[in-house]
Structure formats: structure tokens, C-alpha cells
Amino acid sequence: MAVFAFFAAQSPVFRSPQGVANWLDPAATLGIMAVAVALLMIGGEFDLSAGVLTGTTGLILVTLATRYGLDVWTAMLVGLAVALAVGFANGLIVTRTRLPSFIVTLGTFLMLQGVNLGVTKALTGTVQVSGLRRAAGYEGARALLAGTVEIGGTPFRVAILWWLLVTAVATWVLMRSRAGNWIFAVGGDEQAARAVGVPAARTKIALFMTTAFAAWLVGSILALRYTSVQANIGIGQEFIYIIAAVIGGCLLTGGYGSAIGASVGAVIFGMADKGIVFLGWDADWFKFFLGAMLLLATLANRLVRRYAEEVKH
């Protein structure tokens, strides 16, 4: 609320319906990923390949639809299969080898980055694939994932509805299902969770696959929206996802957090991203804002956890 009040007080455009639509747009795609990353962080792991995987799935979609004649829906399914395979591989390696997920997914990040650039250059001679608008099934897929809906005379991106759906499902899973209990258990104390029968390995693999699914969804949304994909898209975004989750209350040590909190973190990101533009400030201040918010959120989370532990004892 403080962030909204700050920008709204100084910019009438920011608080207008069109302004709200503008800052909810980046919050939506970030929010989808932030929620999935938050679930993984609650489970005690990280995924540094999530950002570049959005680019991989987008490239698969556009390449198959424009170079090999597949319809958009089939190309999207192939992209989904690849994304889930990457997520499964990340989870399997982490659980079987007990290597830190930071190292495993950093390796995946570098490999996907190389594949994205290498394959795209080999096929097109450039670092971009375009022409999706001419592919069969484009209009229907775009309407479903990347279109707009009019509310009160103002167009809002459909991605906002997907973000709300993802947040609602993730919240239900965390708070109302056995799987949610497993996620909190393996993130809080994996050995203790195993001792009481929690399928820790399967839970973590499922979480990595959930993050991969979110990357496919965001990658598809962006590809359908812009009809072209750069080979380097998504690189660096993985840290933004983690920052949004931490701002929303997730602990870096695992075992604590919420999907709603991660979405709130995404909203703060969206408001700052567009609010700085509306005020006419230098865009470099956005990075300063993110760093400050990350430090404040981390300190606040630490204080809350320390207080909770003192009350418990």
C-alpha cells in the first residue's frame, strides 16, 4: 500500500484505470513465475534456469510454427513437453546427487542459454525468430493467452487472469492439500519430513516441474504477444522472480512463504517499474528500488522468524 500511495500521490496517470492496467501487465507475467518460484523456495530449493527457460519455450513455439509448419497449439505442446522434461531433470539430479539446486540449475541455465543462441543462429543466421502471426491457430491461441479483456472501458491483459488463477490454485495447494503440507515439511526439515513418511524426492521433483510449467506458460504468452522471440530473452529474470518471492515473505532457507505473498511482491515490482516511468525518473533508479526492497524484506523476514521462534520457546 505504501508503494501505491507514493506513486499515486505524485502521478494521476498511475492511479487511473489505464495506469492500473499498465502496471498490472508486467506484474502478471512476473507473478506467474514468482508464485511457482515461491513454491519451490518454500520447498527449500532454487531454480536459476527458470528465466532462460521462458525463452527456450518461446523459441520452440515460434520455430516449430514458422519453420516446420506445425500449428501453434501443437508447437505449444512440444514446448510444454520440453519444459517439463527440463524441470524433471533438474529435480531428479538435485534429489539423486544431493548437489545444491543453485549449482544444478546454474548448469541448466548455461546449457539452455547456449542452446537458445546456437540453434537460433544456425536456423536463422540471427538471434531472433519471428513470423508467428502467420501460423495456423495463432489467433485462437493469442486470444486465450495474450489477448485483452475490457473492464469498465479499459483493456486489461488476459495474462492478469492467468496470474490470478495460478495464485489461487497455488494457495489452495499450500493451504488445503496434503501436497502443501509436504512442501512446507521438506523445506523446513527434509530429514524429519522423510522420517514421518513425506515423499521428499517426489515433492521436490514436482516443484521443479511446476516452475518449468510456469516458464512455459509465460514463454508462450510473450511469444504470442510479440510474435517473435529473441534468443537471449529471460536471461537475468530468474533473480527478479526470487526477489519478488522474498519481498512477498518467502525465506531463503525454505519452509515459509505463500503464493499470495509472491503475487504481492510481483505487484510491487509492477508498480515500481511503471511508476518510475510515469514520474519521469531515470530508469536506473528501478534497480536501486529493487535492491532496497530486497534488503528490507530479508531483514523483516528474519525479524519475524526470530520473533516466532522466541514465542514458540
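Two strands are taken to pair if DSSP finds at least two bridges between them. Helices (H or I, at least four residues) and strands (E, at least two) are DSSP runs, numbered from the N terminus. The structure is a predicted model, in which local features need pLDDT of at least 70 and side-chain atom pairs count only at pLDDT 80 or more, whereas totals for chains, interfaces and linings use all residues. Residues are numbered from 1 along each chain as its sequence is written, and side-chain values use heavy atoms, with hydrogens and water left out.

Strand β2 (residues 148–151) pairs with β3 in the antiparallel sense over four bridges. Within this pairing, Ile-151 stands opposite Thr-154 of β3. The two strands form a hairpin with two residues between them, and Gly-152 in the turn has a positive phi of about 60°. In a regular strand the side chains alternate between the two faces of the sheet. In β3 (residues 154–157), Thr-154 and Phe-156 make up the covered face, while Pro-155 and Arg-157 make up the uncovered one.

Most residues other than glycine have a negative phi. Arg-98, however, has a positive phi of about 65°, and is placed in the loop between α5 (72–97) and α6 (101–124). For Thr-227 the phi is likewise positive, at about 65°; this residue is in the loop between α11 (200–226) and β4 (228–230). Accessibility was classified as buried (under 20% relative accessible area), exposed (over 50%) or partly exposed (in between), with a 1.4 Å probe and protein chains only. Arg-98 is exposed at 52% relative accessibility, whereas Thr-227 is buried at 12%.

The search of the whole structure for salt bridges (a side-chain nitrogen of Lys or Arg within 4 Å of a carboxyl oxygen of Asp or Glu) found four. Side chains of opposite charge can pair when their charged atoms come close. One of the salt bridges joins Asp-25 to Arg-225, with the closest N and O atoms 3.0 Å apart. Asp-25 lies in helix α3 (residues 17–42) and Arg-225 in helix α11, so this pair ties together parts that are 200 residues apart in sequence. Asp-25 is buried at 18% relative accessibility, and Arg-225 is buried at 9%.

Glu-45, Glu-190, Arg-194 and Lys-204 are linked in a network of salt bridges. Arg-194 is partly exposed, at 30% relative accessibility. The side chains of Lys-204 and Glu-190 also meet in a salt bridge, at 2.9 Å from N to O. This pair links distant parts of the chain, with Lys-204 in helix α11 and Glu-190 in helix α10, 14 residues apart. Lys-204 and Glu-190 are both buried.

Lys-204 is also among the contacts (heavy atoms within 4.5 Å) of Val-186, which, neighbours within four places in sequence aside, include Gly-43, Ala-193 and Val-198. Val-186 is in helix α9 (residues 178–188) and is buried, with a relative accessible area of 3%. With neighbours within four places in sequence left aside, the contacts of Glu-238 are Asp-47, Leu-48, Gly-51, Val-52 and Phe-109.
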